[in-house]
Amino acid sequence: MTTLRLEELRQHSDVVRSKHGEAITVRFVEPRDAEALQDYFRGLSTRSRHDRFFGAISQLPPGLLERYIHVGEADQFSVVATMEIDGRETIVGEARYAFDDETSSFEFGLSIDDRWHGRGIGAAILKNLECRAAAFGAGRLFGETLRTNDAMIALAGKSGYAFTPSPGDWKLVRFAKDISLAPQGIPCASWKLAKAA
């Protein structure tokens, strides 16, 4: 895997667009985001939190929040998707991904604020994750979700992911995509430069 210093990682952000043309910044989570990230998860519907974490939680447990805000530890990364709303940077989505050396794959999970569903934010974040993973040398990106999570299954299907049963739990479905080349048409110039360096 490509190794970058944390201070370099924190500088990398990309601006992607919703299907309505809204600018969305995808950037690494920083320690200063802890409270805003916790507020984001508290603001999700019960169903969205259940779909994201496969269980009933009302907020991130302290240990998980700590892991979210420390980028790169144990080859795990968290990003937030933010928009300027009423003059303030507001989290509208998040994703977490981890590198597996043995398979050269990234596993990921993501969520979108319920108020912003249907605007193409999930698809934009997913394309950006593909680029980030490819820049780190991963050949494959995969995730798992509950079989009842129609929104995530539809997003993965539209984004070209193939489906298989989860090897560990019959309630889950796995989706995967080969990403040996960084996707075209998304703003990841900084990641291509980082890989080249």
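In the predicted model, the largest nonpolar core has 34 residues, of which F106, F108, L110, L129 and L141 touch the most other members. A nonpolar core is here a set of buried Ala, Val, Leu, Ile, Met, Phe, Trp, Tyr and Cys residues joined through side-chain atoms within 4.5 Å, buried meaning under 20% relative accessible area with a 1.4 Å probe and protein chains only. Two or more residues each are given to this core by β2, β3, β4, β5, α5 and α6, with α5 supplying the largest share, seven residues. Helices (H or I, at least four residues) and strands (E, at least two) are DSSP runs numbered from the N terminus. A second, separate core of 13 residues includes L37, F41, L65 and I69.

Eight strands form an open sheet of mixed pairing, in the order β1-β2-β3-β4-β5-β6-β8-β7; strands pair if DSSP finds at least two bridges between them. β1 (13-17) and β7 (162-165) each have a single partner strand, so one side of each lacks a neighbour in the sheet. β1 and β2 run antiparallel and are joined by five bridges.

E144 lies in strand β6 (residues 140-146) and counts as buried because its relative accessibility is 18%. The E144 side chain makes polar contacts with the side chains of S166 (2.8 Å) and R174 (2.9 Å). A polar contact is a pair of N or O atoms within 3.5 Å, within protein one able to donate a hydrogen and the other to accept it, and residues adjacent in sequence count only if both atoms are side-chain atoms.

Residues are numbered from 1 along each chain as its sequence is written. Local features need pLDDT of at least 70 and side-chain atom pairs count only at pLDDT 80 or more, whereas totals for chains, interfaces and linings use all residues, and side-chain values use heavy atoms, with hydrogens and water left out.

Technical notes:
Buried < 20%, exposed > 50% of the residue type's maximum accessible area, 1.4 Å probe, protein only.
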